[in-house]
Amino acid sequence: MRILTVGPVGVVAMQRVLDWLAQRGAEVWVVDDDDTYRELVPAGFRFSALPRPDPAAARPDQGLDTAETALRAIAAEFQPQVVHLHNITALGLACVRAGIGPLVVSTWGALAQRAGQEAAQISAATRQVLAAADAVIVDAPSLLAPARSLTRPGARVELLPLGADTSRFQPGRTEQALLWRTLFGIPDEAFVLLSPRMWGAFYGHQTILAAYALAWPRFARPTRLALVGLGDGPDALPHMAEAWQGVAGSPAAQDVRWLPRVRYLQTPTLYALSDAVVNYPDVDAFAVTLVEAAACQTPVITPLLPAYRDTFVEWACTLVEPDSPAALAGAMVQVVNQPPAERSAALAEARAAVQRDYDDAVIAARLWALYQRLARGV
């Protein structure tokens, strides 16, 4: 099958789909608006970097025209059976203007804030892309209705969350995880609360640090709070500095560990060195963090955000109200002080749910079946 994929190759979510396609022997032409991550494209795939259209420019149509013309030429040469747009960007708008398809759109976080909100908050460009799609992929049940309200009659709306390879994400402390604990000064007996999300103002790091300081005197065993390295946004360093100031003078500060940013292939080791995950964003899509942690049978503390509803999160995680350091501190104390045997059955059930509904093999097969249906026009 010939598949034209358009989107940011540097993002793990797209890399994983490309790997699935390589495993199935698909013919793929990848289009990105950045040449930086060309080396991440699987061997045998074609690649083109197009100039990024700038909708804020004095003549934004000029950039769109250039991208549209290039996409038309690629499609004419390649004759794709499916076009898959990852994320909704200006380059996606160029795809729509080029009229290439059948068009699959993976919304990623574009609808994350829309569950339970009015569709009027969505930009005109996003509306245009979704209205042109032959299939729209969302990652949470609560996003099905918002997506259907924005697609044309007859378009497919598919629930295909980004899952986890459950053969790699498994419960248990690995030898590599024990080595990492030694490297980062974490005693074997310490209970590690892991905050794995990248640094950004909406991921709640200030609240996590403040809550840890509040909870610290009430822990019944030694603990460490592990924070993973910087994100890509320009606010990452200032946000980190501001978050740290709120806890730097407390006794809990000595038990905070700053872990470097790790590659995706190293992510299972993060969970293996940890005893619980703290996930506390203001807004979110259905985070793959939740799936990975559940696959590893790692307890998760999280608010029940709209995109998490109707999933295993509702019954498998320790739920806490949003925007409350005191409530989050209480949840931390509950999880750290709770005997592991009391939560083992729920964690095993959560892993079983991930294996059934979110395993990479399951999601990859469903995506391939969607491509086949669209290629056949059914």
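Mentor: The sulfur of Cys296 is 13 Å from the closest cysteine sulfur, in Cys317, which is too far for a bond. This is a predicted model, in which local features need pLDDT of at least 70 and side-chain atom pairs count only at pLDDT 80 or more, while totals for chains, interfaces and linings use all residues. Residues are numbered from 1 along each chain as its sequence is written, and side-chain values use heavy atoms, with hydrogens and water left out.

Trainee: How many disulfides does a search of the whole structure find?

Mentor: A disulfide is a pair of cysteine sulfur atoms within 2.5 Å, and the sulfur of Cys296, at 13 Å from that of Cys317, its closest, is too far for a bond. For the whole structure, the number of disulfides found is zero.

Trainee: Is Cys296 buried or exposed?

Mentor: Buried means under 20% relative accessible area and exposed over 50%, with partly exposed in between (1.4 Å probe, protein chains only). Because its relative accessibility is 6%, Cys296 counts as buried.

Trainee: How many of the six residues of strand 9 are buried?

Mentor: Strands are DSSP runs of E with at least two residues, and helices runs of H or I with at least four, numbered from the N terminus. Thr223, Leu225 and Leu227 point one way from strand 9 and Arg224, Ala226 and Val228 the other way, all of them buried. Strand 9 (residues 223–228) is therefore largely enclosed by the rest of the structure, and the number of its residues that are buried is six.
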